[in-house]
Amino acid sequence: MPVALVTGASRGLGLALAGGLADRGWSLVVDARNDAPLRDAAAELTSRAGPSARVEARAGSVGDAAHRADLVAAARDLGGLDLLVNNAGLLGPSPLPSLATLGAPAYREVLEVGVVAPLALTQLALPLLRERSGAIVNVTSDAAVEAYPGWGAYGSAKAALEHWSRVLAVELAEAGDDVRVWWVDPGDLRTQMHQDAFPGEDISDRPLPDTVVPAFVRLATERPASGRYRATDLLTEVAA
């Protein structure tokens, strides 16, 4: 029974990814900052999971060390860990401020949740991932490689996430570990975070998160080499 740990799974892309895995019989450990939405998400995921699968929900912030330890312990109790999805992150202040006006405390929080916490969680999860030849998915963005006004906090956090993903992939390969590291750009999606980035604007033209789930499932199924992937490219290849 494969086991995945998905952070930020109460809504948006995180919930869509967890649902896609539940539909395929995976057991799940899911988290989110707010308890009530997470309970609702866990109930949905449980209804979609196979009869032998389990769903463990843990409310808390990935920025909290005790919470990270609890997540890994929950995966261990389910038998191990095959996939870690570092999806949780922060956009920062909304409307998006320029870097000239971005407050240092807000920037620090975006980096803590989007860069430091995923690395700390990955470090804790690596022993379990090594046992199962597992994989790590770090959700990134085109803001990591493009200069969009107002996206300085979020974009630089994703850029740092991408770089430590790249370095970790090399280090694991050199050590002979059969653990994949994929950093994946899902593209612009119709999520609350994206709406917060454009308050008052109509974002209904963006695709729903469910549309990119097959791209992530393909990675978990085919286990390509570690590297950066775009969901649109993976979906195009599937269609072809």
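These are my notebook entries on what I looked up in the structure above.

**Entry 1: ground rules**

I am working with a predicted model, in which local features need pLDDT of at least 70 and side-chain atom pairs count only at pLDDT 80 or more, whereas totals for chains, interfaces and linings use all residues. I number residues from 1 along each chain as its sequence is written, and my side-chain values use heavy atoms, with hydrogens and water left out.

**Entry 2: the cores**

I looked up the nonpolar cores, a core being a set of buried Ala, Val, Leu, Ile, Met, Phe, Trp, Tyr and Cys residues joined through side-chain atoms within 4.5 Å. For burial I used the relative accessible area with a 1.4 Å probe and protein chains only: under 20% is buried, over 50% is exposed, and partly exposed is in between. The largest core holds 37 residues, and those with the most contacts inside it are Val6, Leu28, Val30, Leu45, Leu83, Val137 and Phe216. Helix 1, residues 12-23, gives the most to this core, with seven residues; I take helices (H or I, at least four residues) and strands (E, at least two) as DSSP runs, numbered from the N terminus. I also noted a second, separate core of 34 residues, which includes Val72, Ala117, Ala125 and Leu168.

Which residues is leucine 45 in contact with, leaving aside its neighbours within four places in sequence? With contact meaning heavy atoms within 4.5 Å, I found Leu15, Ala18, Gly19, Ala22, Leu28, Val30 and Val55.

Next I turned to strand 5, residues 135-139, which is mostly covered, since five of its five residues are buried. In a regular strand the side chains alternate between the two faces of the sheet. In strand 5, Ala135, Val137 and Val139 point one way while Ile136 and Asn138 point the other way, and all are buried.

I count two strands as paired if DSSP finds at least two bridges between them. Strand 4, residues 83-86, pairs with strand 5 in the parallel sense over four bridges, and leucine 84 stands opposite isoleucine 136 of strand 5. With helix 5, residues 152-174, strands 5 and 6 make a right-handed β-α-β unit.

**Entry 3: the aromatic rings**

A pair of aromatic rings is described by the distance of the centres and the angle of the planes. I let rings of Phe, Tyr and Trp (its six-membered ring) pair if their centres lie within 6.5 Å, and planes under 30 degrees apart count as stacked, over 60 as edge-to-face and the rest as tilted. By this rule I have two aromatic pairs. The rings of tryptophan 151 and tyrosine 154 have centres 5.6 Å apart and planes at 70 degrees, so I wrote this pair down as edge-to-face. Tryptophan 151 and phenylalanine 198 form a tilted pair, with 6.2 Å from centre to centre and 50 degrees between the planes.

Why does the second pair tie together parts that are 47 residues apart in sequence? Tryptophan 151 lies in the loop between strand 5 and helix 5, and phenylalanine 198 in the loop between helix 6 (192-197) and helix 7 (213-222), so the two ends of the pair belong to those separate loops. At 15% relative accessibility tryptophan 151 counts as buried, while phenylalanine 198, at 22%, is partly exposed. I also found arginine 206 over the face of phenylalanine 198, at 5.5 Å from the ring centre, where the rule asks for NZ of Lys or CZ of Arg within 6 Å of the ring centre and within 35 degrees of the ring normal.

**Entry 4: the backbone**

Last, I checked the backbone and found a cis peptide bond between serine 94 and proline 95, with omega about 0 degrees; proline 95 is in the loop between strand 4 and helix 4. Serine 133, in the loop between helix 4 and strand 5, has a positive phi near 50 degrees although this residue is other than glycine.

Key. Right-handed = clockwise from strand over helix to strand, strands pointing away.
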